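Dear colleague,

Please find below the structure that I am handing over to you. My notes on it follow directly after.

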Amino acid sequence: MPQCEMCGAEKASLTTTKVEGAELELCSDCSDFGTEVRTESSSSAATKYSTSSSSSSSSDSSSSSSSSSSSRRRDMFDDMETVAGDYDDRIRQAREAASLSQEDLANDINEKASVIRKLERGDILPSDDVQQKLEKKLGISLVEGESVDDADWEASSSGSMTLGDVVKRNDN
């Protein structure tokens, strides 16, 4: 038997009740603490989030998105640089090559030594400010190199490009 979500009593029938913003399945005794929520019929609920092309708004949006897929809109993430996965090793190797201790490097870039330790362990990612200071002081790049140009990702004349079109395999 279903159990009331408020008192835990097992009752044959429960009602969906809204109590302080939360919808709960409650017994008749506990449903007095909130307002009963009317449930929609299953047929209307199924079509509410339907992705079929029977509704005009869905078909309009799908046709417009497929026509604009060849020219993707630029967003803020296109301009962001990705920190390299081995940034911790790059920092440590460059620091050791410069014969600097973690404390000396921290003093040189006006940061705490604990920040350098955490960066070299890979516990934290460098903030933009710290990344710029480290790159300038150590003469390294902490940005992940892009192996595939954006031009390679542009749609071909047929308009359908897959990951297999871009990946370079290393078959030995």
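This is a predicted model: local features need pLDDT of at least 70, side-chain atom pairs count only at pLDDT 80 or more; totals for chains, interfaces and linings use all residues.

Leucine 119 illustrates the packing: apart from its neighbours within four places in sequence, it is in contact with Tyr87, Asp88, Ile91, Ile124, Leu125, Pro126, Val130 and Leu134.

Helix H5 deserves a paragraph of its own. Its buried residues are Ala113, Val115, Ile116, Leu119 and Glu120. Because they cover an arc of only 155 degrees around the axis, they lie on the same side of H5. These buried residues pack against H3, H4 and H6. After H5 comes glycine 122, which has a positive phi, near 80 degrees.

Not counting residues up to four places away in sequence, glutamate 120 touches Asp88, Ile91, Arg92, Arg95 and Gln102. Glutamate 120 is also linked with Arg95 and Glu96 in a network of salt bridges.

Arginine 95 is buried, at 9% relative accessible area, whereas glutamate 96 is partly exposed, at 47%.

The structure holds nine salt bridges. One of them joins aspartate 89 to arginine 92, with the closest N and O atoms 2.6 Å apart. These two residues are three apart in helix H3, so about one helical turn separates them. Both are partly exposed: the relative accessible area is 29% for aspartate 89 and 27% for arginine 92. Another salt bridge pairs aspartate 108 with lysine 137, at 3.3 Å between the closest N and O atoms. This pair links distant parts of the chain, since aspartate 108 is in helix H4 and lysine 137 is in helix H6, 29 residues apart. Aspartate 108 is partly exposed, at 45% relative accessibility, and lysine 137 is likewise partly exposed, at 41%.

Turning to the strands, E1 (residues 15–19) and E2 (residues 22–26) pair in the antiparallel sense over five bridges. Valine 19 stands opposite alanine 22 in E2. Two residues lie between the strands of this hairpin, in which glutamate 20 takes a positive phi near 50 degrees.

Finally, the cysteines. A search of the whole structure finds zero disulfides. The closest cysteine sulfur to that of cysteine 7 belongs to cysteine 4 and is 3.7 Å away; a disulfide requires sulfur atoms within 2.5 Å, so this is too far for a bond. Cysteine 30 is in no disulfide either, with the sulfur of cysteine 7 as its nearest, 3.7 Å away. Cysteine 7 is partly exposed, with a relative accessible area of 46%, while cysteine 30 is buried, at 7%.

With kind regards

Note on methods
Residues are numbered from 1 along each chain as its sequence is written. Side-chain values use heavy atoms; hydrogens and water are left out. Contact means heavy atoms within 4.5 Å. Two strands pair if DSSP finds at least two bridges between them. Helices (H or I, at least four residues) and strands (E, at least two) are DSSP runs, numbered from the N terminus. Buried means under 20% relative accessible area, exposed over 50%, partly exposed in between (1.4 Å probe, protein chains only). The arc is that of the directions from the helix axis to the C-beta atoms. A salt bridge is a side-chain nitrogen of Lys or Arg within 4 Å of a carboxyl oxygen of Asp or Glu.
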